[in-house]
Amino acid sequence: MNIDKFKHQHVDILGNIAALRRLAQAGVAHNATEIARLIVSMSSTIKLHLAVEDQALYPALQRGHNPELARLGQQYQRDMGPIAQAYEAFARRWNLPESVRRDEQGFRDDANRVLRMVHERMQRENRDFYPRIEAEELAAVA
């Protein structure tokens, strides 16, 4: 299992979150069209990322020879459910410029809460989960 594609998707998603933050700081109403467009685009990347994790990464960990990684994979998959649901609700609520313009503070509050969860989760995967998978892959090759 090559973790590089997952890391690359994380870079894309984290870049989108940073871009949303910059757009919001520059003016939510003024940038509502670009904010909504970016949310739609990011949603596609997140959906693809989650699907590949669910269909490839987690099953590969379950089939692997490391019970700790299999357990960790199950925990990460289970923990992602509420975060994914929160993001889906966020994306549905803010995917139109009119919605963003109509409730600037609501968008800011929702973005701060939900995007922080997504950001923290990906950072935890980058820091704690993916390196363990890579170490296991290296050990298997050696």
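**D110.** I started with D110 and found it in helix α5. This is a predicted model, so I'm reading computed values throughout. Is D110 buried or exposed? Its relative accessibility comes out at 9%, and the cut-off for buried is under 20%, so D110 counts as buried. Next I looked up what D110 touches: leaving out residues up to four places away in sequence, I got F90, R93, W94 and L115.

**α2 against α5.** L115 turned up again when I checked how α5 meets α2. Helix α2 covers residues 32-63 and helix α5 covers residues 104-141. I noted a packing angle of about 30° between them, with the axes 14 Å apart. That angle is under 35 degrees, so α2 is roughly parallel to α5. I also wrote down the handedness of the crossing, which is left-handed.

Which residues of α2 meet α5? My list for α2 reads I35, I39, M42, H49, E53, L57, Y58 and L61. On the α5 side I have F107, L115, R121, E125, F129, Y130 and I133. Sorted by class, this contact holds eleven nonpolar, one polar and three charged residues.

**Whole chain.** Then I zoomed out. I counted five helices and zero strands in the protein chain, and the order along the sequence is α-α-α-α-α. The C-alpha atoms fill a box of roughly 55 × 25 × 20 Å along the principal axes. Of the 142 residues, 41% are buried. For contacts with a separation of 6 or more, I got 77% between residues 24 or more positions apart. Last entry: the chain exposes about 7900 Å², and carbon and sulfur atoms supply 52% of that.

Conventions
Residues numbered from 1 in each chain as written. Predicted model: local features only at pLDDT ≥ 70, side-chain atom pairs only at ≥ 80, totals over all residues. Heavy atoms only, no water. Axes fitted to C-alpha atoms, helices over the stretch in contact; angles between N-to-C directions. Helix = DSSP H or I, 4+ residues; strand = E, 2+ residues; numbered from the N terminus. Parallel < 35°, antiparallel > 145°, perpendicular 65-115°, else oblique. Left-handed = near helix turned anticlockwise from the far one by under 90°. Contact = heavy atoms within 4.5 Å. Nonpolar A, V, L, I, M, F, W, Y, C, P; charged D, E, K, R; others polar. Buried < 20%, exposed > 50% of the residue type's maximum accessible area, 1.4 Å probe, protein only. Areas by Shrake-Rupley, 256 points an atom, 1.4 Å probe, with all protein chains shown as cover.
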